[in-house]
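Here is a guided walk through a structure, meant to be read with the model open beside you. Let's take it a piece at a time.

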Amino acid sequence: MDLSLIIMQLLSGIALGAVLVITALGLTIVFGMLGVVNFAHGALFMIGAYAGLYLASLTGSFWWGLLLAPILIGAFGMLIEFVLIRRLYGRSIDDPLLLTFGLSYILVEGVRIVFGSDGIPFPTPPQLIGVLDLGIGFFPRYRLFVIALVAVVLLVLWLTLEKTRVGLIVRAGARDPTIMQVLGVDIGRVWLAIFGLGVGLAALGGVLAGPMRSVNPEMGSLVLAEAFVVTVIGGLGSIVGAVVAGLMVGISISMVALFAPEMATIVMFALMAIVLLIRPQGLFGVRGRTA
Amino acid sequence: MTGPSSGEAVAKASPGGFSWLLEQRVLLSVAVLAVLPWVLPSQALAVNVLIYGVVVMGYNLLFGYTGLLSFGQAAFFGAGAYFTGIAIGRYGVPWFAAVPVAVLLSTCLAAAIGIVSTRTRGIYFSMVTLALAQLVYYVALQASSFTGGENGLRGFTVDRINLFGLQLNFLDPINKYYVLMAFAALAMWFQSRILNSPFGAVIEAIRENEQRARACGYDVERSKLIVFMLSGAISSLGGCMLALHLSIVPLDILHYQTSGMIVMMVLLGGARSFFGPFVGAASFLILEDVISLWTPHWQIFVGAIFVLFVLFLPKGIWGTLLDALRVGKARP
């Protein structure tokens, strides 16, 4: 086994991890702000993939699908927060989890009714078909694009959170929502926006994953488990944790797939169990809140 | 979902016939289950209510009484079924020995998952149990030489059972129902004993206020692990019953959708009530039966009904009914 093969597999792992990072990020930001774990996150990821596919075929361009699907599904997420989740603030922390679980049933079955139960192929955009010669081997152009796009999205998110006034409100709101209300910030509107952002990120993950996985109504269930594993390893509510753990899981999956393919689906769960035994709060988690 | 006092405690404090009735909950529940095949539209439905009722009852110990929302109960339901099937089909163990062996092995699995997951709290616990149960699912998928992989486990059929010299045809639905009901009765008796024991009070104390339970000197972590194992053991018995009933074990039984279904059932019926799980299992299965008569997309309705229950009826059908009865009887 030569080194270049391992490096190519490492790149594959990073591409896989990049989608995981985006998806888990949505989950973790919503939890950090609202204290809600969105069980419909996987279903919304799947709907994002379908929306991207539909919009791409409608406009004839993948790029419109990539741009519009997260925005539309994000707006749909805000509707969900406004109509359903909002009623559960102040009740048991289990209630939003249960409600969104019921919601995922509705969403998955709704997609089955509209698009059918069979998988649909998601064509790779023509500009990104084929492979690029990296000197040591050939790597799919699309996967390189995914890595680059996720890096840009992460940078924009980080700059918004750390350097802008809006980011300041969001970070302060995560620490102490009551004080923010006293200071005259409409925290309900912040929560609405954050929930929309979280769902939008899930949809973006769905569109990006589309050409790499097959698009079918059940694709969200594996993604949900993966996103859970990533957020648990990274520490629920931690953005840095989601990034590090997402890349860690992606790379371990593709590395193990190289040496022992039958273990590839199992390795991330084993990784999670090990992390939990050593650090129950996750790599970057704050002790007390969850463990 | 968490109220100031446990419903059972209120009933015990109140005088009158209602509390006496509640003390006979095992007998009453068995009596209701005994007439089930004659009341429900089909005997197949009755058997399923029995099986899922036991699984959900075990889960209720964890979620309803201890307040731990696990999304991984399918692992133990499935483990009970797989271990029973493998013991009978591969090792030729007689069925009456296969069931205790399967429950024991499933309890060991619950111990392993419990050691990792009970280190976490709150929502973390839900996510970790879901992930670890998915691990069990993928292991069963990969270990196809043992489990049959995607096709499920086949090749074990219990068609005739010898009950102390009495030969019973196990393929006869009524015989099968009452044999399985004996298992359900055993599980109910066991669960009732747990709830009436001092340990039962400890787990309810943990649900109401974990900090205070710890301050009182109870070992919260150990109690959680024990209740996780007990809950897994009872749910795995439901899995054994399923294996004996179907003579196959579908792989889907281990998927987290099954865990979700168990959660739905306990909430529909009423968490923290003794008979609620059976009411929940019956309502869910009847709903599925009725709706799938006129549309294959029954899940959309079940999902919507579940959402409405979370929003407006968090105590479930049986829990709300019991509350209404108590208001009428206990407080004049």
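Which residues touch the most other members of the largest nonpolar core? Keep in mind that you're looking at a predicted model. The core holds 194 residues, and Ala203(A), Val229(A), Met272(A) and Ala131(B) are the ones that touch the most other members. Its largest share, 17 residues, comes from helix H1 of chain A, which covers residues 3-34. Click on Ala203(A) and look around: its contacts beyond four places in sequence include Leu44(A), Phe45(A), Ile47(A) and Gly48(A), and also Ala69(A), Pro70(A) and Ile73(A).

Staying with chain A, the unreviewed UniProt entry lists several stretches under "transmembrane region", among them 6-29, 62-85, 190-210 and 256-278. How do two of these look in the model? Residues 62-85 of chain A are 92% helix and 0% strand, with the end C-alpha atoms 32 Å apart. Residues 256-278 of chain A come out at 83% helix, again with 0% strand, and there the end C-alpha atoms are 22 Å apart.

Along its principal axes, the C-alpha trace of chain B spans about 55 × 45 × 45 Å. Some 48% of the residues of chain B count as buried. If you take the contacts in chain B with a separation of 6 or more, 74% of them join residues 24 or more positions apart.

Where do the two chains meet? On one side there are 35 residues of chain B, in contact with 34 residues of chain A. Three helices of chain B, H7 (122-142), H13 (256-269) and H15 (298-312), each supply at least two residues of the side that touches chain A. H7(B) gives the most, with 14 residues. By type, this side of chain B splits into 23 nonpolar residues, ten polar and two charged.

Most residues other than glycine have a negative phi. Ser247(B), though, has a positive phi near 65°, and Arg272(B) has a positive one near 70°. Both sit in loops: Ser247(B) is between helix H12 (220-246) and H13 of chain B, while Arg272(B) is between H13 and helix H14 (276-294) of chain B.

Last stop: Ala213(B), in helix H11 (residues 210-215) of chain B. Ala213(B) is partly exposed, with 19 other C-beta atoms within 10 Å. Leaving out residues up to four places away in sequence, Ala213(B) touches Val202(B), Ala205(B), Ile206(B), Tyr218(B) and Val220(B). Val202(B) is eleven residues away along the chain, and its C-alpha atom is 7.5 Å from that of Ala213(B).

Technical notes. Residues are numbered from 1 along each chain as its sequence is written. Chains are lettered from A and ligands numbered from 1 in the order in which they are written. This is a predicted model: local features need pLDDT of at least 70, side-chain atom pairs count only at pLDDT 80 or more; totals for chains, interfaces and linings use all residues. Two residues are in contact if their C-beta atoms, placed from the backbone, lie within 7 Å. Helices (H or I, at least four residues) and strands (E, at least two) are DSSP runs, numbered from the N terminus. Ala, Val, Leu, Ile, Met, Phe, Trp, Tyr, Cys and Pro count as nonpolar, Asp, Glu, Lys and Arg as charged, and the others, Gly among them, as polar. UniProt positions are given in the numbering used here, feature names are shortened, and annotations may be inferred rather than shown by experiment. A residue is buried if 20 or more other C-beta atoms lie within 10 Å of its own, exposed if 12 or fewer, and partly exposed in between; C-beta atoms are placed from the backbone. A nonpolar core is a set of buried Ala, Val, Leu, Ile, Met, Phe, Trp, Tyr and Cys residues joined through C-beta atoms within 7 Å.
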